[in-house]
Amino acid sequence: MIKYFANVFNNSRAIVQGHWITLKYMFKPAVTIHYPDEKLVPFEKFRGALLFDQQVCISCNLCVKACPSNCIQLENAKNETGKKIAKVEWYSIDFGKCNFCRLCEEACPTKPKSVWHSLDYEVIFVKRDEMVRCWKKDFPFVGKYFDRKTQDFMDAEGQVSIHDVQPRRS
Ligand code: SF4
Ligand code: SF4
C-alpha cells in the first residue's frame, strides 16, 4: 500500500515538473528560426561560396598557385597587339573540387580582394556543369556556368545571397 502511494506521488511530481518546465519556456524568446523564410547570417569569417570581381583582378595567377585542389583556371586578356595585359579574359572555379580553404582569397593581392568567400551557404547544383562557375566581362560577382547542352552561359540560380551587398575583405 505504501509503495502504491509512493508511486502515485513520484509520478504526479514528475508530471508537475514537466509542465513547470514547459510553462517556463513558453514565455522565453524563441531560439529557433523559421528557415527558409528566415535565414541566419553567419559570422564574418564564414567561408561560403566564392565570388569574383573581373574588374579588379590583375591576372597575377597567385590564387591558381595557392589553390591545393587545382580548381581555379584563368586566361589573360590581351591588347590589340596581342600582348598580355593585367586583366583576365575569363576566370573559373570548379566548386566540385573546391574545399573552401580560403587560400585563394588570402593569396590575392588586390584591395579589395578579387576573389573572396561570401556568406552564402545555400548553393545548389543540379548538374555537373553548374559546379564550374565562370566569370567574363560584365558577369555578376556570383558568376555564371557554361551549359554544354545549350552551349551558352547560364545564371547561377542555385546560390541564394545572404546579403544584397556582399561584405568583402580588403
Ligand atoms: S577555397 Fe581553396 S580549394 Fe577553393 S578555390 Fe580557393 S584555394 Fe582552391
Ligand atoms: S583573383 Fe587575385 S590572386 Fe587570382 S589572379 Fe586575380 S588578382 Fe591574382
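## Two ligand sites

The space taken by ligand 1 is the second largest cavity. The space taken by ligand 2 is the largest cavity. A cavity is a set of points, on a 1 Å grid over the protein atoms alone, where a 1.4 Å probe fits but cannot get out. A molecule sits in a cavity if more than half of its atoms lie within 2 Å of its grid points. This is a predicted model: local features need pLDDT of at least 70, side-chain atom pairs count only at pLDDT 80 or more, and totals for chains, interfaces and linings use all residues. Residues are numbered from 1 along each chain as its sequence is written, chains are lettered from A and ligands numbered from 1 in the order in which they are written, and side-chain values use heavy atoms, with hydrogens and water left out.

Which residues come nearest to ligand 1? Of the 14 around it, they are C67, C98, N99, C101 and C104. Here a residue is near a molecule if one of its heavy atoms lies within 4 Å of it. The shell around ligand 1 has ten nonpolar, three polar and one charged residues. Ligand 2 has 15 residues around it, and C57, C60, N61, C63 and C108 come nearest. Its shell has eleven nonpolar, four polar and no charged residues. In these classes, Ala, Val, Leu, Ile, Met, Phe, Trp, Tyr, Cys and Pro count as nonpolar, Asp, Glu, Lys and Arg as charged, and the others, Gly among them, as polar.

## The nonpolar core

The largest nonpolar core has 18 residues. Such a core is a set of buried Ala, Val, Leu, Ile, Met, Phe, Trp, Tyr and Cys residues joined through side-chain atoms within 4.5 Å. L50, F52, I72, Y91, I93 and V115 have the most contacts inside it. Strands β1 (50-52), β2 (72-78) and β3 (84-94) each supply at least two of its residues. The largest share, three residues, comes from β3. Strands are DSSP runs of E, at least two residues long; helices are runs of H or I, at least four.

F52 is in contact (heavy atoms within 4.5 Å) with residues including C57, V88, Y91, V115 and W135.

## Buried or exposed?

R102 lies in the loop between β3 and α3 (103-107). R102 is buried, with a relative accessible area of 11%. Buried means under 20%, exposed over 50%, partly exposed in between (1.4 Å probe, protein chains only). Leaving aside residues up to four places away in sequence, R102 touches K45, F46, R47, H117 and R169.

K84 lies in strand β3. K84 is exposed, because its relative accessible area is 58%.

Note on methods. 1 Å grid on protein atoms, 1.4 Å probe; cavity = no way out; pocket = protein on both sides within 12 Å on 5 of 7 lines; lining within 4 Å.
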